[in-house]
Amino acid sequence: MAENKDEPNTEDIVADEEELEEALCVLAGSDPNNCSYSRGYVKRQAVFACSTCTPSTAEPAGVCLACANKCHEGHEIFELYTKRNFRCDCGNGKFGDFECQLIPARDNENNKNSYNHNFHGCYCTCDRPYPDADDQVNDEMIQCVTCEDWFHTRHLGCAMVEPEELQEMVCESCMSKAPFLWTYAAHFAVPPVVSVSHPEEDVEVDVEEGSDKEDDSEPSQTGDEEPSTSLEHTKQEEVTNRRSPCKRTHEEMTGSPGKATSKSEDCRLKELQAQGLERPREGAVFWPYSWRSKLCTCTSCKRAYVAVQVQFLMDQADTILAYENKGLDEPFGQHPLMALTSSLNHVQQLEVIYGYNELTTVITAFLEKCAAEGKTVTAEAVHQYFEELRARKRRRTNAGYQ
């Protein structure tokens, strides 16, 4: 009997929960009720574009979460995830006669805002929309932490293994604009992945290769040791350099993975360059959460960051992880259940919390049972299970009146 693809299974349910949790984390750091315009250029916030008010032929503009909810309700809105150092455009000169309902008086333009093709619904080097009805390839998209554009994994210029384990990504274009990052990449980034031919199957391994490409700002030097390309050695490197996202350190979870080098008399970049370790200067680069703490912050390096407009890399609070953690600690980032119960009396609060906890417990047990028995979670099984729960609740309620 053919499997019904419409029937949910355990993996789909878990994936949906993870997507919902991720979405809540992104929105948690932004105020859903108060326009962020009065706060100036916010370090990081969720940003939206309204194609109803600013179509592709108009100047790009972005609005905050509160304005997306209040001023643009019913409009065609698409989410841009988060943007750094952005000020809400709602109701300024880019919107014509349209006024912001939350803060009508504002500057005609936010000159310090940075825009790209994302604000017109296009992404990646292919300049395509997301979701793309014409794209038949099921390919996820990953955001570059410097230009903040989104890229299909197949357009990153590099092969990847288990991309969910990779932490922060810098696209090839941004790496080339800040060429000193290639030196750090050779020492601290996830090793590049190359395909190795095998008679029976294709094997992908992580290797650090010597680069034939040179940059005028970084003289090419030869190291004392040649990197090994053996499968055993590269697998050991993979374990060392790549950690599961489920096992983050306390520093990573707090969004402060360490302090960057700050000794003005020493330049860590020059020390790393002197070691002569190289890697191919092509493709996107993936970094562990702690990589920013490895960057040198001597006076010369700070000037280099500013010159290519990546000074935010020195800020540990600039990361998405720090933004999410901060948002979840703030009042408007509280769990939706807690926001609901705040409007109820004490008895009603207890009833809701008890019901929620009970439902979570029984559903978890049900899914674990299906997974242990290797059964597919069918719609019929779910309906039957909830009927049993309702019957159990009726028996408990009736017993209370006896």
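## Basis of the values

The model is predicted: local features need pLDDT of at least 70, side-chain atom pairs count only at pLDDT 80 or more, and totals for chains, interfaces and linings use all residues. Residues are numbered from 1 along each chain as its sequence is written, and side-chain values use heavy atoms, with hydrogens and water left out.

## Salt bridges around glutamate 148

The whole structure contains 13 salt bridges (a side-chain nitrogen of Lys or Arg within 4 Å of a carboxyl oxygen of Asp or Glu). One of them joins glutamate 148 to arginine 44, with 3.1 Å between the closest N and O atoms. This pair connects distant parts of the chain, 104 residues apart: arginine 44 belongs to strand S1 (residues 42-50), and glutamate 148 to the loop between strand S5 (141-143) and strand S6 (150-152). Helices (H or I, at least four residues) and strands (E, at least two) are DSSP runs, numbered from the N terminus.

Glutamate 148 also forms a salt bridge with arginine 84, where the closest N and O atoms are 3.7 Å apart. Because arginine 84 lies in strand S2 (residues 77-86) and glutamate 148 in the loop between S5 and S6, the pair ties together parts that are 64 residues apart in sequence. Glutamate 148 counts as buried because its relative accessibility is 8%; buried means under 20% relative accessible area, exposed over 50%, and partly exposed in between (1.4 Å probe, protein chains only). Arginine 44 is likewise buried at 8%, and arginine 84 is buried at 10%.

Through shared partners, salt bridges join Arg44, Arg84, Glu148, Glu168, Arg292 and Asp318 into one network.

## Lysine 83, buried without a salt bridge

Strand S2 also contains lysine 83. Lysine 83 is buried yet has no salt bridge, and its nearest side chain of opposite charge, glutamate 148, is 4.8 Å away (Lys and Arg count as positive and Asp and Glu as negative; His and the chain ends are not counted).

The lysine 83 side chain does make a polar contact with the side chain of asparagine 118, at 3.3 Å. A polar contact is a pair of N or O atoms within 3.5 Å; within protein, one must be able to donate a hydrogen and the other to accept it, and residues adjacent in sequence count only if both atoms are side-chain atoms. A polar atom of the lysine 83 side chain also lies 3.4 Å from the backbone oxygen of glutamate 148. Not counting residues up to four places away in sequence, lysine 83 touches residues including Arg44, Asn116, Phe119 and Glu148 (contact means heavy atoms within 4.5 Å).

## An exposed asparagine

Asparagine 108 is found in the loop between S2 and strand S3 (122-123). Asparagine 108 is exposed, with a relative accessible area of 57%. The C-alpha atoms of asparagine 108 and asparagine 92 are separated by 4.9 Å, although these residues are 16 residues apart along the chain. Beyond residues up to four places away in sequence, asparagine 108 touches Asn92, Gly93 and Lys94.

## The second largest pocketS2 gives the most to the lining of the second largest pocket, with four residues.
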